[in-house]
Amino acid sequence: MYKYDQYDQTIVDTRVEEFREQVARRLAGELSEDQFKPLRLMNGLYLQLHAYMLRVAIPYGTLDGRQMRMLAHIARTYDKGYGHFTTRQNIQYNWIELKDTPDILAELATVEMHAIQTSGNCIRNISSDQFAGAAADEVTDPRPWAELLRQWSTFHPEFSYLPRKFKICVIAADEDRAAMRLHDIGIQLTTNAAGEIGAAIYVGGGMGRTPMIAPLIKDFVPIDDLLSYVEACLRVYNRYGRRDNIYKARIKILIHEIGADEYRRQVEEEWAHVKTLGLDPPRAEFDRIAAMFAPPAFDAATPDTLDRSDPDFALWVDQNVKPHKQPGYAIATISLKPVGGIPGDATAEQIELMADLAERYSFDELRVTHAQNIVLPHVRKADLHALWQALDAAGLATPNLDLISDIIACPGLDYCSLANARSIPLAQKIATRFSSIERQRDLGELKLKISGCINACGHHHAGHIGILGVDRKGTENYQLLLGGSGAEDASLGKITGPGFDEDGIVDAIERTVETYRAVRTHGERFLDTYRRVGIEPFKEAIYG
Amino acid sequence: MKIATGNDLATGDVVWWDGAGWSRHVEDAVDVGDGGAALIAREDAARRVNGAYVIDATETPHGPRPAHIKDRIRARGPTVRLDLNVAPADAAAGSWVI
């Protein structure tokens, strides 16, 4: 894992003290809310329905046990004993007091964490593949490049006041586990015919009110030129992105309006100039960073076998454990989606336990996924049963990864000041309706995603089944979408028709999945069946 | 009736104008009539409350009930964490939020 150098630490510590003074001035009445709001947002502090909300950055979703334990400490000391892991691989605290915020940030800084780049029209926290460094299918570990981009983007003077927020994702496998093409810039590290590493660059994806899948802008950028190429992409956007209309300010709108070809031409022109500026770091600097992401000291002698005699354990392994590139090891996903629970929420005690288990069983590493789960990336197969027992005792062993109850849900109207409808109660009702694990496994991979408003924090556009909450004359109403995907086969869901109330949408989902069961062919996922038969059979079942 | 609400500057708590100050309990809210804009301008200047605004509400036996679900959730707390809610003065308020 990356470790701060003196520059990183100084940046973070200085920012804490600057914000401490700003908070003091606000509390003393020296600053108005209009003056203070942009300052607090630059430090991840929002004002939500019930209280201030602090969003803490977890760069590319990677953290260690010491950092995880600090997150638990903050939940217990400054919040109400829990935190909410988000679809941006971050964590949010829902009940923060303004007066405590400088102390919280100071405590975070002691473990190399902060809340910078979690709000505002800047380059946000870089996201990545939660299986990075462990997946058998990656061409290289994407995290050193994500870290390089983090350092480049932090307080980048040219890109601190972009037309709108800007999200970058870096992956290095053909299987997209990070919704890469639904980012402003999606980077897929790959190799060319000569075996050299480079990057395919996708630009202009995103969800929100105008969802778009990023088109490929350049199929191969030599890896040592990555930073200058991304800089050129940002420069063209910063120059021409609209600032007159917040709803048309994202880069996806610019590319949609001028076309990918024209955008590509302008980027190439800009890149030719940027490359002359010596922006790309010397290889030695990248190597310094990459050395901190060296694989852990795997035990080559550990057995590559597994005792599956405990059926409940075997079920969890089948659903939540994925192959690791190192024989004898596995990747374990901890579901934060117990039936009837709140997707992404974890208590301070659960967070601490996950920190302990990471230290004991996963070389002190954890990952946060965009699907609001936690990953222990490097677990010896011989330790999986002990890990599962510890998780099970804490209510963290739900065997439902990628099943219908593994629901992504934004905080919705229960917490969020932007929301039009509640998301969490729907997730709870749906998970309860489909609580039978046998039924869930029969349905197979089925990604259900719920957003409480058009801003799409719950990724409803990318759900095999998506739900969008809207306000219909003061009443919550839910639209149903089918056919979305955030994976390598990215697609956007289509609305089936008129919306439903809270109970009606659950019934509509039941009819949808039963239609799938009736028409699927052997081995077809829900999404495959939908793509083969189209939306009509589902509409007939839902509205017929 | 019209009532005024906002969030406490220091804590972020949802608060309601009770005629003399800001209360945590919506039951204490008073009808601000046509004086809402002036009240908010004054309170905003005093910088004790954040983002104050005036909403429609109806009188009920349990006190003012905000017209919009968002403000009813603000008044009580998340519907999915009743253990964290602001308790209603009258437990019989029941399904007051939804």
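## Exercises on domains, chains and helix packing

In this predicted model, the domain assignment divides chain A into domain 1 (6–109), domain 2 (134–291), domain 3 (311–393) and domain 4 (408–543).

**Exercise 1.** Describe the contact between domain 1 of chain A and domain 3 of chain A, and state which element gives the largest share of the domain 1 side.

*Solution.* Begin with the separation: the C-alpha centres of domain 1 of chain A and domain 3 of chain A lie 27 Å apart. Next, count the residues on each side, where domain 1 of chain A contributes 21 residues and domain 3 of chain A contributes 20 residues. Then look for the elements of domain 1 of chain A that give two or more residues to this side, which are strand E3 (62–63), helix H3 (65–78) and strand E4 (82–85) of chain A. The largest share, seven residues, comes from H3(A). Finally, sort the domain 1 side by class, which gives eight nonpolar, nine polar and four charged residues.

**Exercise 2.** Decide whether H3(A) and helix H4 (residues 101–109) of chain A are roughly parallel or antiparallel, and list the residues that join them.

*Solution.* The two helices pack at an angle of about 160 degrees, and their axes are 10 Å apart. Since angles over 145 degrees count as roughly antiparallel, H3(A) and H4(A) are therefore roughly antiparallel to each other. Their crossing is right-handed. On the H3(A) side the contact is made by Met70(A), Ile74(A) and Tyr78(A), while H4(A) supplies Ile104(A), Glu107(A) and Leu108(A). By class, this contact has five nonpolar, no polar and one charged residues.

**Exercise 3.** Carry out the analysis for helix H1 (residues 6–27) of chain A and H4(A).

*Solution.* Here the axes come within 9 Å and cross at roughly 175 degrees, which makes H1(A) roughly antiparallel to H4(A). From H1(A), the contact takes Val12(A), Asp13(A), Val16(A), Phe19(A), Arg20(A) and Val23(A), and from H4(A) it takes Thr101(A), Pro102(A), Leu105(A), Ala106(A) and Ala109(A). When these residues are divided by class, eight are nonpolar, one is polar and two are charged.

**Exercise 4.** Turn to the contact between chain A and chain B, and find which helix gives the most to the side of chain A.

*Solution.* Start with the totals, in which 24 residues of chain A are in contact with 20 residues of chain B. Helix H13 (residues 424–433) of chain A gives the most to the chain A side, with three residues.

Notes. Residues are numbered from 1 along each chain as its sequence is written. Chains are lettered from A and ligands numbered from 1 in the order in which they are written. This is a predicted model: local features need pLDDT of at least 70, side-chain atom pairs count only at pLDDT 80 or more; totals for chains, interfaces and linings use all residues. Domain bounds come from an automatic or database domain assignment. Two residues are in contact if their C-beta atoms, placed from the backbone, lie within 7 Å. Helices (H or I, at least four residues) and strands (E, at least two) are DSSP runs, numbered from the N terminus. Ala, Val, Leu, Ile, Met, Phe, Trp, Tyr, Cys and Pro count as nonpolar, Asp, Glu, Lys and Arg as charged, and the others, Gly among them, as polar. Axes are lines fitted to C-alpha atoms, for helices over the stretch in contact, and angles run from 0 to 180 degrees between N-to-C directions. Angles under 35 degrees count as roughly parallel, over 145 as roughly antiparallel, 65 to 115 as roughly perpendicular and the rest as oblique. A crossing is left-handed if the near helix is turned anticlockwise from the far one by less than a right angle, and right-handed if clockwise.
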